[in-house]
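Dear colleague,

Please find the structure below. I would be grateful if you would read the notes that follow with the structure open.

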Amino acid sequence: MPFMSVKFNLQKRVKLAQGLWMFYWLSVIVGISIFSLGIFFKIELRKRSEVMDNSESHLVPNLLILVGMLACGLNAFGGKMCHDALDPIKFSKMKPMLKPFMLLSCGFSMLLLLVALLCFLMQFSIYLTLAEGLKNTIRFYKDTDTPGRCFMKRTLDITQIEFRCCGNNNFRDWFEVQWISNRYLDMSNDVVKDRVLSNVEGKYLMDSVPFSCCNPGSPRPCIQHHLTNNSAHYDYDHRTEELNIWTRGCREAVFSYYSSIMTSIGVLIIITIILESMDVAGLKYLSTSLETMTDPENPECESEGWLLEKGFKETFADVLTKLKTLGRANQVQEGGDAPEVSPP
Amino acid sequence: MALMVVKFDLKKRVKLAQTVWFMYWFAVLAGILLLSLGLFFKIELRKRSELMDNNESHFLPNLLIIMGLIACGINAFGGKVCYDSLDPLKFVKWKTVLKPFLVFCVVFNALLLVTALFCFVMRIPLQFTLAEGLKNGMKYYKDSDTPGRCYMKRTLDLMQMEFRCCGNDNYRDWFEIQWVSNRYLDFSAKEVKDRIGSNVDGQYLMDGVPFSCCNPGSPRPCIQQQMTNNSAHYSYDHYTEELNVWKRGCRDALLSYYGGIMNTIGALVVLISVTVGLQYVQSSLSSLANPEDVESESEGFLLEKSVKETFTDIMTKMKTMGKGVKVEEGGEEGIATRE
């Protein structure tokens, strides 16, 4: 007994074909949007690859680009098939292609599911890459004369201004590194000599942050230097001062930005999976309704369309037996080969 | 003799009507584009109205919005007329309205060209508004506790960071005003008292700039304070230092930004008016080509007589209109004297 069968007359068949054709073109548009989102994500990762140590994984955007192109191609072909389905001559030409096409669509939906899963899981990898990359960027902030690192300062400053954040976890990360290059330190000065000698590694550490940490919304001009020294500034208490510099850490800020991009892409892919399944179901109905026409010469006749030829359990048992016979066919072949070897 | 006569049979009429209908809907899209450009420009002006003393002229974006709405309306109407034109019953209704409609369209096209001219010309008043507004903006930078001005600092800082500029003409504008509020100055300190005593207005002036003037591309951490004092910083010469703070003035930066928007909008408006004008030509052809009998041939033309004759006709019409008014007045006087 067929699974979920529906009776069709000419009008219903035409309506189904038209509706399915529109759905396929909607899927093409969704495929184009996945493709462009993949390109957008790749560009965003490239823009800030310095902050992530140039070691970020481009797996997800590359997959999205590939999947977007495949979706466009597959769905455009499906739309063409729908368009031709109602013409009996063209339909008989494309009949042999229907079954492999539907299997390909199902396989493509599996691939989409995998990509959606990756979108949600790769966020962990980005978090770890960001943590490591930001730590190194802060360390190399002062190396504006070292080839390969001369733009670290500019990238980090622009990132801090754009994402409204300061340091890795918070602004105190800047107190632990020397972010002023030795080129700009007067080593003959007593103050400088004291600071450099006051720690084991001989670094010029101070309780200051770069200008990019400043919050423009603060009512008072930005206090960057001697942040923890209340007496260095008039009417200033560093424990209660909240608006002076950004209090958020850049790892949080940048990660939440990328995480929101990846989550929205994941949601879009799940919508695409649902759309694809509906397309395949519609195509199955259309093809079966056209095949079961009682009188092929008369287009006005009635027909029946279904999702599966037998019930759900029977189809499943059929597929299992097919797989088993495939395995046995291989074994029989080997047995056939062996006797051939012995006679010569 | 009519101008640009073309013979039409049914097929050609149908094709012409379809093409003109399509072009009318394209013109509706152009009208929507005009509307959205006007809205975008209005929003951009509003965003930075604090920097222009809140007295910038919204004349141009309002004009663009109105023109966009009118364009949508008349082109949708034209499309509907085209759609009905092939059905003789429906077309009879529209025949009387058609001539004034086409005249109105030509007038509207001329107005579009005037709008485009405004787009290019309004740059000059904008320049003056910006210069005045930025000067005041910098004066009120420190007044973050005065109601109505408490966001001036934030707006100015964000603008300097976004447009990569410093001060009105250049960074030295910051040396001439007090941009640190008195709330954060320790008046018992000798240094503060000296600075305030050193000028007539009693202002705390210094050769420093706010942090938003800093250039992130500078290889060295930003030098904001004591900028003209070479000995205050190691290995620093303020005459040769170029990357430390932004060199450009904010008036130039903002003017080139808004000027760019206005030039683009002006160019688009000229393009729209030229494209839309072409299809009025076609529509006048199609409107005059529809006879009562659908299958018969007919003639379509742009003007009933040649250009010179049409022009003299219009002149005589205007003269008779003037004479008609005079005759009416004379008639009324006659009635008045009789009574």
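The notes below cover conventions, a record annotation and charged residues.

This is a predicted model, in which local features need pLDDT of at least 70, side-chain atom pairs count only at pLDDT 80 or more, and totals for chains, interfaces and linings use all residues. Residues are numbered from 1 along each chain as its sequence is written, chains are lettered from A and ligands numbered from 1 in the order in which they are written, and side-chain values use heavy atoms, with hydrogens and water left out.

The unreviewed UniProt entry places "transmembrane region" at residues 20–41, 62–81, 101–121 and 257–281 of chain B; positions follow the numbering used here, feature names are shortened, and annotations may be inferred rather than shown by experiment. Residues 20–41 of chain B are 100% helix and 0% strand (helices, H or I, are DSSP runs of at least four residues and strands, E, of at least two, numbered from the N terminus).

Across all chains there are 20 salt bridges (a side-chain nitrogen of Lys or Arg within 4 Å of a carboxyl oxygen of Asp or Glu). A:Lys153 pairs with A:Asp157 at 3.0 Å, and both lie in helix H4 of chain A, four residues apart. A:Lys153 is buried at 2% relative accessibility, as is A:Asp157 at 0% (buried means under 20% relative accessible area, exposed over 50%, partly exposed in between, with a 1.4 Å probe and protein chains only).

By contrast, A:Arg251 in helix H6 of chain A is buried yet has no salt bridge. The nearest side chain of opposite charge, A:Glu252, is 5.4 Å away (Lys and Arg count as positive, Asp and Glu as negative; His and the chain ends are not counted).
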